[in-house]
Amino acid sequence: MTVATCRSTSVTLPEGPFPAVCVEAQLRFDASLPYAVCLAFPSLDGPDEGEIRWFFGRDLLNEGRHAPAGCGDVTVSPGPRGRVLVTLRGGEERAVISVPSDAVTAFLLDSFDLVPAGREGEYLDVDAVVERILS
């Protein structure tokens, strides 16, 4: 049985062409992948075309709420007016996602209830990790 939590929230892309337009997104956590969180969006080609998913460290999201954290493809930092900024990079492109900090905090509390910090190794399901990599 998979133990997971998911929190839907509206996000914005403050550096995009329409910075005030809200986009529905989901923060997801699966206890079989205890070190990671997923930020998921509907595909730009429409809801019937699947979704865009970015996986990154739960600790990165947690630390980035308070101070800039991360390097490489994903960074997280406190944003203005009760927001958390998640910057996603792929090749030469980047997107800054502004997420309400209360949604991030509530999501993280849910995830830490499922898998306490420091005990992730007890929940790691290597078979599930390999399956996700191959799918």
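Leu-134 sits in helix α3, residues 126–134 (helices are DSSP runs of H or I with at least four residues, strands runs of E with at least two, numbered from the N terminus). The model is predicted, so local features need pLDDT of at least 70 and side-chain atom pairs pLDDT 80 or more, while totals for chains, interfaces and linings use all residues. Residue numbers start from 1 along each chain as its sequence is written, and side-chain values use heavy atoms, without hydrogens and water.

Is Leu-134 buried or exposed? Leu-134 counts as exposed because its relative accessibility is 70%, and exposed means over 50% with a 1.4 Å probe and protein chains only. Leu-134 also belongs to a nonpolar surface patch with Tyr-35, Leu-124, Val-126, Val-130 and Ile-133. Together they have about 630 Å² of accessible area, by the Shrake-Rupley method with a 1.4 Å probe. Such a patch joins nonpolar side chains within 5 Å, from residues with over 30% relative accessible area and no salt bridge (a Lys or Arg side-chain nitrogen within 4 Å of an Asp or Glu carboxyl oxygen).

Now the pockets. A pocket is an open set of points on a 1 Å grid, where a 1.4 Å probe fits, with protein on both sides within 12 Å along at least five of seven lines; lining residues have an atom within 4 Å of a point. The largest pocket holds about 630 Å³ of space. Its lining has 21 residues, with Leu-13, Leu-44, Ile-52, Ala-95 and Ile-97 closest to the centre. β3 (36–42), β4 (51–57), β6 (83–90) and β7 (93–100) each give two or more residues to this lining. β7 gives the most, five.

Technical notes
Grid points are joined across faces, edges and corners, and a volume is the space filled by probe spheres set on the points. Patches are made of residues with over 30% relative accessible area and no salt bridge: like charges are joined within 9 Å, nonpolar side chains (Val, Leu, Ile, Met, Phe, Trp, Tyr) within 5 Å. Buried means under 20% relative accessible area, exposed over 50%, partly exposed in between (1.4 Å probe, protein chains only).
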